[in-house]
Number of protein chains: 2
Amino acid sequence: MTQAATRDEPNREDQRARLLAAAEGLVRKHGPDGLSLRELARACGFSTMAIYTLFGGKPGLMQALYTAGFARLHAYALAAEHREAPLRWMVRQMLAYRRFALDNTGLYRLMFGGEKRFAPAGRNTRFASLAVPVEDAYPAFAALVDAVGTCLAHHHAAAPDPSEVQDLAFLVWGQMHGLVGLEIAGYAEPVDALARYHNAVRFICTHCGAAAVEVEAELAAEA
Amino acid sequence: MTQAATRDEPNREDQRARLLAAAEGLVRKHGPDGLSLRELARACGFSTMAIYTLFGGKPGLMQALYTAGFARLHAYALAAEHREAPLRWMVRQMLAYRRFALDNTGLYRLMFGGEKRFAPAGRNTRFASLAVPVEDAYPAFAALVDAVGTCLAHHHAAAPDPSEVQDLAFLVWGQMHGLVGLEIAGYAEPVDALARYHNAVRFICTHCGAAAVEVEAELAAEA
DNA sequence: CTCGACTCAATAACAGTGTTATAGCACTGG
DNA sequence: CCAGTGCTATAACACTGTTATTGAGTCGAG
């Protein structure tokens with residue numbers, strides 16, 4: 001049977017978690033491409049092979065970091081939720097996105113760097129379920145769509161068209177991702193980047209129908 | 001004297017150009033991180049050492065690709081210039097940005113991937129002039145500022161505040177970079193990405209004061 | 001023309017990477 | 001208690017960027 005010697009399951013999960021945490025630290029320090037399996041194994045006291053049995057190799061590890069990153073981004077988005085005040089929700093949502101990116105630069109670059117989604121190199125069949133999942137990004141994006149939709153509905157009389165909400169949410173995502181990406185890549189001093197990000201928030205919120213003074217008040221409240 | 005044996009200068013420049021072109025091809029195929037000095041040297045018939053004498057090592061080569069990339073982006077921007085019709089200029093400028101990114105995905109990722117700007121690893125003093133030049137990006141950005149400024153001035157009565165133009169141009173850059181980055185990273189099908197990019201063009205141009213039908217006409221003309 | 005000096009390119013070596021093959025350990029099921 | 005199996009550690013392979021060394025070639029001075 002394949003179930004023969006599963007050993008203690010919780011131990012396996014703990015090891016995975018420890019490796020993932022350490023890997024995230026290394027990615028934070030050296031960037032997504034500076035992650036070395038040997039250094040990671042040394043830092044955790046394991047051998048290099050443990051990573052292969054637990055993740056199936058480096059692509060599997062990257063994949064795990066990828067999904068963990070989107071889970072955390074989703075958590076940031078949920079923490080910013082504020083259904084009773086749609087405008088505040090919107091502002092907090094946008095600021096939370098940038099905060100996530102700046103707090104987790106390594107993960108962010110790994111998620112959006114455009115690597116061909118970590119296709120495994122070897123012929124290991126056990127971890128063939130990798131390579132593809134853009135869908136990990138969906139929950140975080142759905143939260144953004146939610147915020148944009150309620151904000152639009154709150155400031156306009158008629159309920160907005162769902163596809164229009166999707167389109168606008170994607171534009172907002174693009175705006176946030178672009179500014180944050182430029183900031184991370186070093187094309188703006190942090191103070192300028194913050195001011196420009198605030199400009200983007202103003203830009204989008206007023207487009208949603210919010211009054212300029214209200215937006216300013218929310219920005220001041222979140223500062 | 002240091003001028004002793006400069007050998008034939010044009011030959012050196014030719015070799016640099018050949019290596020750069022081949023390197024760009026490899027970056028296009030394998031991504032910025034998949035560039036191998038040995039493979040590059042093999043493809044050009046040189047030895048690995050030639051890259052060291054001509055570029056000072058891999059960081060120097062990356063740096064050369066970086067500046068070449070921004071020169072080409074600037075060329076795309078200049079080709080989109082259309083001073084007599086500010087709105088058309090604006091639309092063409094934005095579309096040219098995306099076209100550049102899609103035509104030169106490898107270079108684009110190298111330019112905006114956020115690598116710590118190619119600091120040389122060894123203690124080679126001859127190529128110490130590397131690491132820093134964010135300024136390579138300036139000409140391309142200046143062209144964008146120019147387009148945004150004249151478009152704003154054309155659709156508004158009073159001449160716009162220069163700093164306001166700069167801020168808006170940076171927002172536009174962020175919007176373009178974000179959408180293109182998401183597209184390159186695989187977060188949108190090409191057809192959806194194009195439609196959303198068009199949405200961004202509409203969004204920004206109408207914000208500049210252009211009439212919706214005019215923008216639509218320009219988009220149709222450029223299709 | 002000849003010879004020293006100097007630059008550059010090619011070979012090979014070093015430290016590092018991901019991955020794989022081989023062997024050994026620790027454990028469970030009978 | 002023993003066979004069998006999953007997991008790990010050691011070592012090897014092919015590859016990377018970088019550096020040291022060697023050898024070939026060119027230049028200018030005497």
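Predicted model: local features only at pLDDT ≥ 70, side-chain atom pairs only at ≥ 80, totals over all residues.
Residues are numbered from 1 along each chain as its sequence is written, chains are lettered from A in the order in which they are written, and side-chain values use heavy atoms, with hydrogens and water left out.

The side chain of Glu24(A) meets that of Arg72(A) in a salt bridge of 2.7 Å, N to O, where a salt bridge is a side-chain nitrogen of Lys or Arg within 4 Å of a carboxyl oxygen of Asp or Glu. Because Arg72(A) lies in helix 4 of chain A and Glu24(A) in helix 1 (residues 9-30) of chain A, the pair ties together parts that are 48 residues apart in sequence. Arg72(A), at a relative accessible area of 29%, is partly exposed.

## The helices of chain A

Chain A holds ten helices and zero strands, where helices (H or I, at least four residues) and strands (E, at least two) are DSSP runs numbered from the N terminus. Of its 223 residues, 47% count as buried.

Helix 4 (residues 58-79) of chain A has 22 residues, which at 1.5 Å a residue should span 32 Å, and its end C-alpha atoms are 31 Å apart, in agreement with that value; the expected span of a helix is 1.5 Å times one less than its number of residues. Among the buried residues of helix 4 of chain A are Leu61(A), Tyr66(A), Phe70(A) and Leu73(A). For helix 5 (residues 86-103) of chain A, the 18 residues should span 26 Å, and the end C-alpha atoms, 25 Å apart, agree with this. Since 13 of the 18 residues of helix 5 of chain A are buried, that helix is largely enclosed by the rest of the structure. Leu87(A) has its place in helix 5 of chain A and, at 7% relative accessibility, counts as buried. Although Leu87(A) and Ala210(A) are 123 residues apart in sequence, they are 7.3 Å apart in space, C-alpha to C-alpha.

## Other salt bridges

Over all chains, the count of salt bridges comes to 16. One of them joins Arg202(A) and Glu216(A), whose closest N and O atoms are 2.9 Å apart. This pair links distant parts of the chain, with Arg202(A) in helix 9 (residues 190-207) of chain A and Glu216(A) in helix 10 (residues 212-222) of chain A, 14 residues apart. Arg202(A) is partly exposed, with a relative accessible area of 27%, and Glu216(A) also counts as partly exposed, at 35% relative accessibility.

In chain B, Arg83(B) forms a salt bridge with Asp146(B), the closest N and O atoms being 2.9 Å apart. Here Arg83(B) sits in the loop between helix 4 and helix 5 of chain B, and Asp146(B) in helix 7 (residues 138-155) of chain B, 63 residues apart. Arg83(B) is partly exposed at 44% relative accessibility, as is Asp146(B) at 30%.

## A loop histidine in chain B

His82(B) lies in the loop between helix 4 (58-79) and helix 5 (86-103) of chain B, and at 21% relative accessibility it counts as partly exposed. The C-alpha atoms of His82(B) and Ala147(B) are separated by 8.7 Å, while the two residues are 65 residues apart along the chain.

Key. Buried < 20%, exposed > 50% of the residue type's maximum accessible area, 1.4 Å probe, protein only.
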